[in-house]
Amino acid sequence: MFELFENELNSLDDILDQVKNDSLGFLEKIHEKPTSIADQSVALPGLNAVGIGALASLDYFKQHYEKLMVASGGPRYWGFVTGGATPAAIAGDWLTAVYDQNTQSVQGEGDVSAILEQQTIRLLCELLHLPEDFQGGFVTGATMSNFTGLAVARQWAGEQSGRDISREGVGGQMVVMAATPHSSVVKSLSMLGIGSSNVIRIAALEGREAMDLADFERQLKACAGRPVIVNCSAGTVNTVDFDDIKAIVALKKRYNFWLHIDAAFGGFAACSPSYRHLLEGWEQADSITIDCHKWMNVPYDSAVSLVRKSHSRLQISTFQNSNAPYLGDPLDNFSYLNFLPENSRRFRALPAWFSLTAYGRNGFEWIVQNGIERAQEFGDYIETSEHFELLAPVRLNVVCFRLKSGVERMPEFLKKMNRRGKIFMTPTLLSGHSAMRAAFVNYRTGNQDILVAIREMEEALQGL
Ligand SMILES: *Cc1c(COP(=O)(O)O)cnc(C)c1O
């Protein structure tokens, strides 16, 4: 063996000890670490001929880059929908690299990782009160999960018109409908060859982001029996508005459509007895997207794609790795290779398995309740503040708001506030108007963090 690798393996104990110490150094201080760093000037040297080894690389990284790592997993990073990482999830993620399984097949010889992935999906569905009607698999994020669900939907729509799209290509136009689709849904349509502009926008209810069902039904009628793919939001990223899933499902009896539910983070409302009703009927969906790196607090990147088992044949037609005959009949030999976009896959289920096993139903109910309470506290502040105004009621765990006056100063305000490095929020557009949002999904976020945020916001307002 090359001497360097021999030395590395001999000092594995020291290397992993150092990783552990560095990890502790970061995680124990995460609440004090900056949430953004303005000066990102770093040394970016070229490739060495002679490598410096893992321990020296750890030192180099610590010296040059570690201080530039932002506390996105900390308690006051409220931009996008950014979850943290619980200890069990970190353990699982670390071990994913250690075991380094290439998770594919559940049959025959080989490793058990695909069986444990299916078990993880089963536990997650149990947590979210979903029946065992779905074939699930791990993908990198809700974007890939939306892509996966919509890809099978596309195959379904083709079949309804007697075409095998996986072989023939998209050709004729697909009909896709949505009221307030996440940007990743639109991106998926572009990746799928359906075209990002080919979405029939269903009107939203007055002052809401949720679908106007009367308009939806009108559009369905206008399609005169053509297969339709419906993307349903549960909930939207700005105001966490939920389409009325139960009513949409009821329309399935009269109209021919595929129901895809994007429940990237809103799906975790199912953990809360008081909010579970928002998802009523979702077990009737054809496909569902759930992110694990948001409200589940599993580190990036992790999401689940659920597609109804009765559509497995369609899912295989879509993703079959058909030029690999050694795999056998994909209906007999379940392999993720034929069900999901990626072929080689890491054992991405492991951090989620560790989390579900470590914290159980009560742990996740607490995390969800915590996010809801923090959002309410922050929403209460915004509502009573003389400087800010709420743009939507706090429906779940996101607060969408803006400056009460001088809306044009909002980018400057956000920049100023974020640059202080104690709190991080992201800008957005709500019905075409500038807004800001704070998303509460990190299990570390406590009431004291709301107080820090309020102080930071008021200081950022000074001299604006
Ligand atoms: C975050 C999000 C996505 C995209 O998810 P990624 O994990 O970033 O790929 C899709 N839909 C909704 C509703 C989201 O909140």
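**Sorting residues.** For the tallies below I counted Ala, Val, Leu, Ile, Met, Phe, Trp, Tyr, Cys and Pro as nonpolar, Asp, Glu, Lys and Arg as charged, and the others, Gly among them, as polar.

**Ground rules.** I am working with a predicted model, where local features need pLDDT of at least 70 and side-chain atom pairs count only at pLDDT 80 or more, while totals for chains, interfaces and linings use all residues. Residues are numbered from 1 along each chain as its sequence is written, and side-chain values use heavy atoms, with hydrogens and water left out.

**Cavity.** I worked on a 1 Å grid over the protein atoms alone: a cavity is a set of points where a 1.4 Å probe fits but cannot get out, a pocket is an open set with protein on both sides within 12 Å along at least five of seven lines, and lining residues have an atom within 4 Å of a point. Grid points are joined across faces, edges and corners, and a volume is the space filled by probe spheres set on the points. My search of the whole structure turned up one cavity of 30 Å³ or more. The largest cavity holds about 30 Å³. Its lining consists of Asp93, Pro299, Tyr300, Asp301, Ser302, Arg346, Arg348 and Pro351. I sorted this lining into three nonpolar, one polar and four charged residues.

**Largest pocket.** I read off about 950 Å³ for the largest pocket. It has 30 lining residues, with Ser23, Phe26, Leu27, Ile90 and Pro299 nearest its centre. The lining splits into 17 nonpolar, seven polar and six charged residues.

Where does the ligand sit? I found it in the second largest pocket, where sitting in a pocket asks for more than half of a molecule's atoms within 2 Å of its grid points. There are 14 residues around the ligand, and Thr143, Asp262, Asp291, His293 and Lys294 come nearest; being near takes a heavy atom within 4 Å. Helix α6 (residues 142-160) gives the most to this shell, with three residues. By type, I noted four nonpolar, seven polar and three charged residues in the shell.

**Ligand oxygens.** I noted a side-chain N or O atom of His293 at 2.8 Å from a ligand oxygen. A backbone N or O atom of Ala142 lies 2.9 Å from an oxygen atom of the ligand.

Conventions: Polar contact = N/O pair within 3.5 Å; in protein donor to acceptor, adjacent residues only side chain to side chain. Helix = DSSP H or I, 4+ residues; strand = E, 2+ residues; numbered from the N terminus.
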